[in-house]
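I opened a new notebook page today.

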Amino acid sequence: MIKECFDNVRKNVPLVHNITNYVTVNDVANIILACGASPIMSDEPEDVSDITSICGGLNINIGTLNKNSIEAMIIAGKKSNELGHVVLLDPVGAGASKLRTDTALRVAREIKLDVIRGNISEIKTIANGSGTTKGVDADVEDAVTEDNLNDAVKFIKDLSKRLNVIIAITGAIDLVSDGDKCYIIRNGLPQMGAITGTGCQLSGLMTAFLIANKNNKLEAAAAAVCAMGAAGEIGYSYMQKGDGNSTYRNRIIDAIYNMDGEILSKYAKYEIR
Amino acid sequence: MIKECFDNVRKNVPLVHNITNYVTVNDVANIILACGASPIMSDEPEDVSDITSICGGLNINIGTLNKNSIEAMIIAGKKSNELGHVVLLDPVGAGASKLRTDTALRVAREIKLDVIRGNISEIKTIANGSGTTKGVDADVEDAVTEDNLNDAVKFIKDLSKRLNVIIAITGAIDLVSDGDKCYIIRNGLPQMGAITGTGCQLSGLMTAFLIANKNNKLEAAAAAVCAMGAAGEIGYSYMQKGDGNSTYRNRIIDAIYNMDGEILSKYAKYEIR
Amino acid sequence: MIKECFDNVRKNVPLVHNITNYVTVNDVANIILACGASPIMSDEPEDVSDITSICGGLNINIGTLNKNSIEAMIIAGKKSNELGHVVLLDPVGAGASKLRTDTALRVAREIKLDVIRGNISEIKTIANGSGTTKGVDADVEDAVTEDNLNDAVKFIKDLSKRLNVIIAITGAIDLVSDGDKCYIIRNGLPQMGAITGTGCQLSGLMTAFLIANKNNKLEAAAAAVCAMGAAGEIGYSYMQKGDGNSTYRNRIIDAIYNMDGEILSKYAKYEIR
């Protein structure tokens, strides 16, 4: 299934509407193009309804939210719901500020989401309705490890069931669950954490995968996580003396550009519980 | 003439005011620096009048427009007109939303433009006063091909005459016309379409070329199109195993950095009708 | 001391709040990650107070200021002062427009700054309360050279004393002074000027260094300047045929990623007057 999920993206060329932060937006656009999809960015309340209507899905990322873009998220989200489009929320920094926490909760409340993708601290904030994350990166004490894996799987399944949404928690070990099944994914490298926006990029990529696989959303979300991790592994294999996080960023996007379903299925390392 | 157009940029170091989208702005700034010019970005209505006054020309790109930046476009455009500066419009996504179509038409109506540069779908939207483009990329059925080239040349000449502005339509075959003559340019590679913002970059580059060649705007616009296409060809010749669209993006800007009039004139592939 | 300043960044992993321009923000985030620190970007007035509270310091960059972000700068700056956090101002384009000059002066007046870092034209604008810079790059006639070095050192010391703030003027020769001592730094390469945002990147890097070395701010600021220059030299040594400013940008960030205190102390070229 993982293989078909990627191949469907290249076949269908989904159009992805992104309301996303200005820090990582260029990389998000390029990774969406790299996987064979097409990105549009628009965050003006008067513009988003038209734009989202011509797309197949919406990627909402609150990384550099402002009052204008929050309004745009709600308008675009409701329009997407009306049209039966896929909607993904990336609650960047939920728990780090009241506005971010409130906005993530508001989007989750007012819009029917298909997927929420974040790091463990952001997802815990959404689970608890409040939080105290230490920035936009996950707190070390929250990390999903082999030791607390059973608890983490139970946590994500319960939360997914309660919120009726697919949840993807990414970190050293990635979890993707629809409440029933949980993908446990062990792709990727710790060096990816030294690049800004690998999470944002994954959210864009995942939205493209979801649009191209609307009848198979759980697998699509898991396939996108595997693809991003595999790209991290493939990209790293091309690193040379003197290369660092900036070149690594390019190599990861390049790896998605050169990837297809067959390569992905060779690299994907996951189990289902 | 193509050769001199580029050499004049390196000689005159034009200062380019850009009101542009936040998706591709970094690449626009770097390609303007790469060609020997200097970029400034400013989109706050209270700031743009002063900023545009110290520049030689203005590049208006509506890619992530908002109400604030639209106001800034009008203010900066009128100030540029007052000062006799070059003004270029890149109507990103015209046809994809009412706000974008209306803004492109409004800018074209209220500001004396020197050049409008877009893809064929965006330019058709401007020609018709409305449109239904499928995002920020051109619709396949609109594409300029060898088969419909005569019609396309007639279309661009007529539109250029009617609007009294140089028009540049870029795609697999590029057209640049002032209503009288039409450059037909066959530089570039299809792989450039997998990079976000090659169009935006070209608009920035072209504004620099226009400023440095104010008495020769048609050739300057055509030279910029040739330069971007040549950079795509040169950049691609440096691609190695594992490279993809993100590295290709860097290589294109690098190719402009290493280009001069002589190299450009060797690569430029065009005819005039 | 230079060595320890860098090592303290990697040891303490400072969290840096950036209110910065959308042109170079991605590179600023990646260079902050490259040096071992962690970036957060937030410029919404309702968000910045919470965000700055969880950080160790604030980097204010006025490169693409707007009314909303100016308000955010003031709110975040005052909160940072309350909490005893480090605050740095990068007055991008001060002198190029009234709004930029006024904003730089207002921030310097209303907020207790630790460091102001800019090019010579921007710093002269702050010294004079007005200015006429020709964009976001320094005017050639202002440049600090070996010939006018004594005067420049006197200028920066006097200004630093008068404003009671560490000042860093960067260019071919860099000066960093607290009014008493002045570091004269001769790292870096002229080719860095063809990359957008090396100044912005340095401001982000410097804020990380200041947070990690709060009892030694002058040395921390000087160490950051040396690190950026050294990265320019190291990065350039990896340049290959066909590479230009876009690849060079990646190589500089990569060089910071691979740098530590020991490498820095080997490359640092400075004297103290």
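Entry 1: how the copies meet. I began with a definition: contact means heavy atoms within 4.5 Å. I also noted that this is a predicted model. Then I asked why the copies meet through different surfaces. I found that only 13% of the interface residues of chain A are also interface residues in chain B, so the copies use different surfaces to meet.

Entry 2: the symmetry. I looked up how chain A superposes on chain B. A rotation of 120° does it, with 0.0 Å of shift along its axis. The RMSD is 0.0 Å. The two copies are thus related as by a three-fold rotation axis. Next I asked which C-alpha of chain A is nearest the axis. I found that of A:Tyr22, at 3.6 Å from the axis.

Entry 3: chain B against chain C. I looked up who takes part. Chain B gives 30 residues to the contact, and chain C gives 33 residues. Together the two chains bury about 2,600 Å². Of that area, 47% is on carbon and sulfur atoms. I then checked which residues of chain B lose the most area to chain C. They are B:Asn26, B:Glu44 and B:Tyr257, together 19% of what that side buries.

Entry 4: I looked at the one between B:Arg251 and C:Asp243. Their closest N and O atoms are 3.4 Å apart. The cut-off for a salt bridge is 4 Å, so this pair counts.

Entry 5: the side of chain B that touches chain C. I listed the elements of chain B that each supply at least two residues to this side: α2 (25–34), β2 (38–41), α3 (45–54) and α10 (245–257). The largest share, 7 residues, comes from α2(B). I sorted the residues of this side by kind: 14 nonpolar, 8 polar and 8 charged.

Entry 6: aromatic rings. I counted 9 aromatic pairs over all chains. I picked B:Phe6 and B:Phe209. Their ring centres are 5.2 Å apart and their planes are at 55°, so I logged the pair as tilted. The pair links distant parts of the chain, 203 residues apart. B:Phe6 is in helix α1 (residues 2–12) of chain B, and B:Phe209 is in helix α8 (residues 198–212) of chain B.

Methods. Residues are numbered from 1 along each chain as its sequence is written. Chains are lettered from A and ligands numbered from 1 in the order in which they are written. This is a predicted model: local features need pLDDT of at least 70, side-chain atom pairs count only at pLDDT 80 or more; totals for chains, interfaces and linings use all residues. Side-chain values use heavy atoms; hydrogens and water are left out. Buried area is the accessible area (1.4 Å probe) that two parts lose on being put together, summed over both. A salt bridge is a side-chain nitrogen of Lys or Arg within 4 Å of a carboxyl oxygen of Asp or Glu. Helices (H or I, at least four residues) and strands (E, at least two) are DSSP runs, numbered from the N terminus. Ala, Val, Leu, Ile, Met, Phe, Trp, Tyr, Cys and Pro count as nonpolar, Asp, Glu, Lys and Arg as charged, and the others, Gly among them, as polar. Copies are superposed by least squares on the C-alpha atoms of residues with pLDDT of at least 70 in both. Rings of Phe, Tyr and Trp (its six-membered ring) pair if their centres lie within 6.5 Å; planes under 30 degrees apart count as stacked, over 60 as edge-to-face and the rest as tilted.
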